[in-house]
Amino acid sequence: MPTITLDSFIKQNNIENKSKNIGKNKFYWTGHPFVDAGLVAILLIANKNQPKELTNEDIEKVIEFASKLYAKKEWASYLHGKIFPNNGIIMSNPGMSKKRTPENISKNLKGLYNNILEILEWSSKEKRCIVCGKRKPHNKDIYRSDFPLLGTGGMLNFFHSANPKGEDICAYCLFLVQFMPLVAYNLPNVLIIHAYPYEKMLELCKEGFNYTREHSLVSNARDFKKPENFLFKKIVEITRKVESKSKFWKNVSITLYYFRNGNRSGEQYVDIIHIPTSALRFVAFAGEVDYNGWRNILNMGWIVSRAKKEKLSFEELEKSYFNEVYRRLLNEESILEFFYDKKEKKANTKWRLLEFYCLEVLGLDEKTLEFIKDVGDRIVETIKELEDNKLRQTVRELENATKLYQFENFFIRVEKIRQQKGISKSLLIFDEFARLLTSYGEDINTSWRVVRDLLLFRIYEKLHDRLIKAQSSESEEEEDEIYEGDEE
Ligand SMILES: [Zn+2]
């Protein structure tokens, strides 16, 4: 039987005590995107869903995994260049390149892990970590080399105007943030997708992590260059894959942190892109009910020259170019005019998607929408009696209505057509006319422009074949811009 010395007995017990501190329900979310991302990396490695399920073996696994990667030359230069310049813990500091081995990095991370202190009592008056507020800060100020985007400390380098102050951050948060790069996307700036509830964050970060695990490389987000394009693409893909479809995103909040924390002047910034709930729900619904229609909508919004657009496929466009549709969704502005294609005289989507957009995003009430749809059908019933050229001309009047009086004139014109063609009832009774033009007036959500766009959608939907036939016999002016906005 081996003898145990008192020393080794105490040492062993100490380790176990420390382990117990961390192993038993001591992992928690903080709400800070970078720290939470580190926790996501650990959960993905452990193949677990909840922080409270994590064990010391899981932590050892993540330390080993990260240390091996971070010791690689290409990882060190990526980490140094974009996330952790001169970091001493994971040794991205170029001055450490000789000592940079998986063993040494792992030693640093374990040291930090063992330095994580007990969670403070609520009543404690002790100074607390600014990120999680639960533990005492680490024994020294933390700077941007160890935690992205904080103050510079003594390392002013090129930033004479920078904030030299460090922050009070605890060892727990500092430890977690070291693993954040494992779930980041490199687009060329660094993208962290933060989401609540956290199970959705795991889903959204999985791709980056799996890529890293498989290839030992940083995921470049399939070569996407715009974070919002990548996110919305993923939303549609995940929606189509999961059983609950678009309901998967109910009550979900997503924020993108697109940042760089380099060493050179102008290389410290973060774009915080909050995804409005309405945009998230709409894009998910589009992916579920009318994927092709959604692509048609997007295809109208690329900010690119006509020549380029003709050469590039949808997949190439979505990787590199801004889209006006995304921009508006993120700014909670209307995208109604992208639901139809004036040039091709066609509706881009099914009515069902348009309806969802009007009710759930624009906040139109159902009765109003039904009423406008009905007016659209009455217009169609009237103008379909016209010969092709006249039909085309009449629709063009609506297309070109950029002022309220022009919009009014269109109705008068249609009313006259009804009389000429001997259609029994009038197009609108007075109340309806007033409702369409006055009560919707210039209201932001239900302006007459909304009504115009909905009517055009309905007309294209019903009369596309005849309109396009009439068009081909006319010569249309060529336009240079792809996207054309409303004239004010
Ligand atoms: Zn903390």
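**Close-up views of a predicted model**

**View 1. The whole chain.** Of the 488 residues in the protein chain, 36% count as buried. A residue is buried if 20 or more other C-beta atoms, placed from the backbone, lie within 10 Å of its own. The model is predicted: local features need pLDDT of at least 70, side-chain atom pairs count only at pLDDT 80 or more, and totals for chains, interfaces and linings use all residues. Numbering starts from 1 along each chain as its sequence is written. The chain has 19 helices and six strands. These are DSSP runs, numbered from the N terminus: helices (H or I) have at least four residues, strands (E) at least two.

**View 2. An open sheet of four strands.** The order is β1-β2-β3-β4, with antiparallel pairing. β1 (185–186) and β4 (268–275) each have a single partner strand, so one side of each lacks a neighbour in the sheet. Two strands pair if DSSP finds at least two bridges between them.

**View 3. Strands β2 and β3.** Residues 190–196 form β2, and residues 253–261 form β3. Seven bridges join the two strands in the antiparallel sense. Val-190 has Phe-259 in β3 as its bridge partner.

**View 4. Helix α2 across the strands.** Helix α2 (residues 33–46) lies across β2 and β3. It runs at about 85° to β2. Angles run from 0 to 180 degrees between N-to-C directions, with axes fitted to C-alpha atoms, for helices over the stretch in contact (C-beta atoms, placed from the backbone, within 7 Å).

**View 5. Buried residues of helix α4.** Helix α4 spans residues 73–83. Its buried residues include Trp-75, Tyr-78 and Leu-79. The buried residues of α4 pack against α3 (56–70), β2 and β3.

Methods: Contact = placed C-beta atoms within 7 Å. Buried ≥ 20, exposed ≤ 12 C-beta atoms within 10 Å, placed from the backbone.
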